[in-house]
Amino acid sequence: DKELLIKKIKDLLPIKQEYKEQILKQINEVTSAIIYGYLIVGVIQGAILAILFFAFGLSSPILWGILMMILSILPVIGPTTIWIPGSFILFISGYLDSNTGLAIKGIILLLFGLFIFTPIDNIVKPKMIGNKTKIHSTFIIIGLIGGIIMFGFIGFVIGPLILALLVTFIDIYEKEKQWFKQG
């Protein structure tokens with residue numbers, strides 16, 4: 001019923017047809033950019049984690065990589081639920097077994113999490129979404145955080161979408177304002 005719903009929305013909007021198209025195009029672009037950004041970042045984070053777990057000799061690196069990909073959908077807490085416990089387990093196991101190599105692996109995994117996974121999640125993801133939507137990544141971050149605070153889990157899509165629509169409405173307002181001044 002997607003087409004029927006879109007037609008009803010178009011019919012209900014009390015604005016020019018060109019602006020209706022612009023709004024629906026923006027909704028589509030932002031939604032696909034968010035999904036694209038989350039998928040790509042999830043794959044990157046999962047692959048890096050799987051490689052690290054494999055290199056460190058941890059069991060089931062592919063499983064943990066896939067879990068990391070899935071949990072990367074959850075902003076901030078998602079990836080950390082994998083790499084923080086993994087690094088602490090390695091460090092504590094190395095400490096208890098007097099295995100310096102294992103403890104160092106735990107520290108390395110922690111450093112990877114802090115300096116690789118976290119920036120990928122907090123900088124690369126908004127930058128990718130912003131580049132696809134042509135909206136500055138700062139606004140994307142604000143939209144993500146505000147959306148999650150206001151709407152909970154689904155806010156990671158709704159927040160940037162609302163912000164993108166706001167930008168679109170401001171653009172439409174500026175066009176109409178100029179038209180009224182000229183006419």
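Colleague: What do the side chains of Lys16 and Glu176 do?

Modeller: They meet in a salt bridge, at 3.1 Å from N to O. Keep in mind that this is a predicted model.

Colleague: Where do Lys16 and Glu176 lie?

Modeller: Lys16 is in the loop between helix H1 and H2, and Glu176 is in helix H7, so the pair ties together parts that are 160 residues apart in sequence.

Colleague: Is Glu176 buried or exposed?

Modeller: Buried, with a relative accessible area of 15%; the cut-off for buried is under 20%. Lys16 is partly exposed, at 36%.

Colleague: How many salt bridges does the count come to?

Modeller: Six. One of them joins Glu29 and Lys25, at 3.6 Å from N to O. Both lie in helix H2, four residues apart, which is about one turn of the helix. Lys25 is exposed at 53%, while Glu29 is partly exposed at 27%.

Colleague: And what about Lys175 and Asp171?

Modeller: Their side chains form a salt bridge too, at 3.7 Å. About one helical turn separates them, because they are four residues apart in helix H7. Lys175 is partly exposed at 37%, and so is Asp171, at 29%.

Colleague: New topic: where is the place of Gln45?

Modeller: Gln45 sits in helix H2, which covers residues 17-55. Gln45 is buried, with a relative accessible area of 0%.

Colleague: Which residues does Gln45 touch, not counting those up to four places away in sequence?

Modeller: Gln45 touches Met68, Ser72, Pro79, Phe117, Ile120 and Asp121.

How values were computed. Residues are numbered from 1 along each chain as its sequence is written. This is a predicted model: local features need pLDDT of at least 70, side-chain atom pairs count only at pLDDT 80 or more; totals for chains, interfaces and linings use all residues. Side-chain values use heavy atoms; hydrogens and water are left out. Helices (H or I, at least four residues) and strands (E, at least two) are DSSP runs, numbered from the N terminus. Buried means under 20% relative accessible area, exposed over 50%, partly exposed in between (1.4 Å probe, protein chains only). Contact means heavy atoms within 4.5 Å. A salt bridge is a side-chain nitrogen of Lys or Arg within 4 Å of a carboxyl oxygen of Asp or Glu.
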